[in-house]
Amino acid sequence: MDPATSPVHLGVLASGRGSNFASIQDHIDQGELDARIEVLISDREDARVLERARNRSIPSYHVPHDVDHRKKFEEKAVQLLREYDVDLVILAGFMEVLSPYFLRQFPDRILNIHPSLLPAFKGLNAQKQALEYGVKYSGCTVHVVTEDVDSGPIIAQSVVPVHSDDTVERLSERILEQEHKLFPRAIQKYADEHFRE
Ligand code: GRF
């Protein structure tokens, strides 16, 4: 891309609901994020994110990912991301771990959002882990993806209070609201630092 003028080209990988995907596109539409989602790839055929992409006329692909298909998924995803000339790969609720092969194709170019204040509560069910631990504050983190899961350099975080009567659902919802603001901001920050002159 031309660093001075072009919006950053995003390729999004997502497995489910796609609210972060939608929020990123909303921020782009509102002129708050200078980017373009070039392609959406989902490993789940019934993922709502695929419908959201279709509704917004964003090229979208279902590429299966299971024990037998992991390598095929990654090769196909790499091919698509290259075809669409993607600068940054955005993991927005992508539920699979990417192999070193995939990570090497986009060094320092893959960003993930995690629903906790990393390095606390890595892995699945981060909101449940936070509640069970009894922390008074949790939140969300956008970080660069490296081989160690949920451990790469942190780009941005938002803090969310945990209430004494919280359920996993209520806390998740409160964190998600912040995710929707944090992710577009973190993408812009990272793009400004890495792609602008
Ligand atoms: C978010 O909570 C995100 O932090 C986690 O997966 C969830 C995805 O939600 N990685 P959505 O599909 O973006 O609505």
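Buried means under 20% relative accessible area, exposed means over 50%, and partly exposed lies in between (1.4 Å probe, protein chains only). This is a predicted model: local features need pLDDT of at least 70, side-chain atom pairs count only at pLDDT 80 or more, and totals for chains, interfaces and linings use all residues. Residues are numbered from 1 along each chain as its sequence is written, and side-chain values use heavy atoms, with hydrogens and water left out.

**Exercise 1. Describe how helix H1 packs against H2 and H6.**

Step 1. Know what to report. Two packed helices are described by the angle between their axes and the distance between the axes. Axes are lines fitted to C-alpha atoms, for helices over the stretch in contact, and angles run from 0 to 180 degrees between N-to-C directions.

Step 2. Take H2 (residues 48-55). The axes of H1 and H2 are 9 Å apart, at an angle of about 25 degrees. Angles under 35 degrees count as roughly parallel, over 145 as roughly antiparallel, 65 to 115 as roughly perpendicular and the rest as oblique. H1 and H2 are therefore roughly parallel.

Step 3. Name the residues. Ser-19, Phe-21 and Ala-22 of H1 meet Val-49, Arg-52 and Ala-53 of H2.

Step 4. Take H6. The axes of H1 (residues 19-29) and H6 come within 9 Å and cross at roughly 50 degrees. H1 and H6 are therefore oblique to each other.

Step 5. Name the residues again. In H1 they are Ser-19, Asn-20, Ser-23, Ile-24 and His-27; in H6 they are Leu-176, Glu-179, His-180, Phe-183, Pro-184 and Ile-187.

**Exercise 2. Describe the contact of H5 with H6.**

Step 1. The axes of H5 (residues 126-133) and H6 (residues 168-195) come within 9 Å and cross at roughly 120 degrees.

Step 2. Gln-127, Lys-128 and Leu-131 of H5 meet Val-168, Leu-171, Ser-172 and Ile-175 of H6.

**Exercise 3. Find the largest nonpolar core and follow Ile-187 through its contacts.**

Step 1. A nonpolar core is a set of buried Ala, Val, Leu, Ile, Met, Phe, Trp, Tyr and Cys residues joined through side-chain atoms within 4.5 Å. The largest has 37 residues. H6 gives the largest share, nine residues.

Step 2. Among the residues with the most contacts inside this core are Leu-10, Phe-183 and Ile-187.

Step 3. Beyond neighbours within four places in sequence, Ile-187 is in contact with Leu-10, Ile-24, Leu-33, Leu-88, Ile-90 and Leu-111.

Technical notes: Helix = DSSP H or I, 4+ residues; strand = E, 2+ residues; numbered from the N terminus. Contact = heavy atoms within 4.5 Å.
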